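Here's a quick briefing to go with the model below. Have a look at the structure, then we'll walk through charges, a helix, a couple of loops and a pocket.

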Amino acid sequence: MDRRKFTKFALSGLAFSFLTDSVGKAALPVAPEPANRPPVPATPSAAPIFSRKPYALLLDEAKAALDQHARDFTLRDRIAIADFNAPSKEFRFHIVDLIGGQANSYLVSHGRGSDPGHSGWLQSFSNEPNSLASSSGAYKTLTVYDGQHGRSMRLAGLDPQNNNAEMRAIVIHGADYVSEDHVAAWGKCGRSEGCFALARHMVPQVLGMLGPGRMVYANKITGMVEA
């Protein structure tokens, strides 16, 4: 076979292969799309949203307290937890959205009576007047007011271990000794007199997210001593 015949034969064979391939693909049956195709359901998470958070056990405890004090709370969409297992240099005050599954975290102080050596770690709780200590348990947020620390929020203690909160004037307020700059300089936040002191610039956001009628829960689950 000469070169001209070979080339003609090769080209015709190549064209035939393209033809058969395209015909074969066109011949394959295609399933019609349904007119009203149902949406594909979202795959549920294999674990609860907050199960891997360091405050997961405390959050479970807080949700149980929310159920225990159900008559005190008509607002159950968000709660705040103060995780005193963590040192004061960490963002350990968490406002948790129980519906949307998100959380915002902030610095928060503990009372000087709870940490006499100013280690940065809460050592003990107390409900006693003049103890200057933090108290554990469930609180209900009350009214917002302007006081000596600026915009602040009153709290009512709902448990035997914090039921002196109103008498002790335990509130949420801002303080200069709670800030990222303070932590950078000193390695910890300063101490309050038992209040939940936050960075001043975060107070409007926190009070706006909580509002009156929601729960704040504080505890340290392990190694706790009650005074």
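How many salt bridges does the count come to? The count is five, where a salt bridge is a side-chain nitrogen of Lys or Arg within 4 Å of a carboxyl oxygen of Asp or Glu. Bear in mind that this is a predicted model, where local features need pLDDT of at least 70 and side-chain atom pairs count only at pLDDT 80 or more, while totals for chains, interfaces and linings use all residues. Numbering starts from 1 along each chain as its sequence is written, and side-chain values use heavy atoms, with hydrogens and water left out.

- Side chains of opposite charge can pair when their charged atoms come close.
- Arg214 and Asp77 pair up through their side chains at 2.9 Å, N to O. Arg214 sits in the loop between helix H4 (203-210) and strand E8 (215-219), and Asp77 in the loop between helix H2 (56-68) and strand E1 (78-83), so this pair ties together parts 137 residues apart in sequence. Helices (H or I, at least four residues) and strands (E, at least two) are DSSP runs, numbered from the N terminus.
- Arg214 is buried at 9% relative accessible area, whereas Asp77 is partly exposed at 22%. The cut-offs are under 20% for buried, over 50% for exposed, and partly exposed in between, using a 1.4 Å probe and protein chains only.
- Asp77 also bridges to Arg78, with the closest N and O atoms 3.6 Å apart.
- Another salt bridge joins Asp146 and Arg151 at 3.0 Å, N to O. Asp146 is exposed at 57% relative accessibility, and Arg151 is partly exposed at 45%.
- Through shared partners, Asp77, Arg78 and Arg214 form one salt-bridge network.

**Helix H4**

- The buried residues of H4 are Val203, Val206, Leu207, Met209 and Leu210. Viewed down the axis of H4, they fall within an arc of 165°, so they line one face of the helix; the arc is that of the directions from the helix axis to the C-beta atoms.
- Pro204 and Gly208 are exposed, on the face of H4 turned away from its buried side.
- Just after H4 comes Gly211, with a positive phi of about 65°.

**Two loop residues**

- Ser179 belongs to the loop between strand E6 (171-175) and helix H3 (180-186), and is buried with a relative accessible area of 17%.
- Leaving aside neighbours within four places in sequence, Ser179 is in contact (heavy atoms within 4.5 Å) with Leu107, Cys189 and Ala199.
- Phe125 lies in the loop between strand E3 (102-106) and strand E4 (137-147), and is buried at 0% relative accessible area.
- Phe125 and Asn162 are 37 residues apart along the chain, with 9.4 Å between their C-alpha atoms.

**The largest pocket**

- The largest pocket holds about 290 Å³ of space. A pocket here is an open set of points on a 1 Å grid over the protein atoms alone, where a 1.4 Å probe fits, with protein on both sides within 12 Å along at least five of seven lines.
- It has 16 lining residues, with Leu132, Arg168, Ala169, Glu193 and Cys195 nearest its centre; lining residues have an atom within 4 Å of a point.

How values were computed
Points joined across faces, edges and corners; volume = space filled by probe spheres on them.
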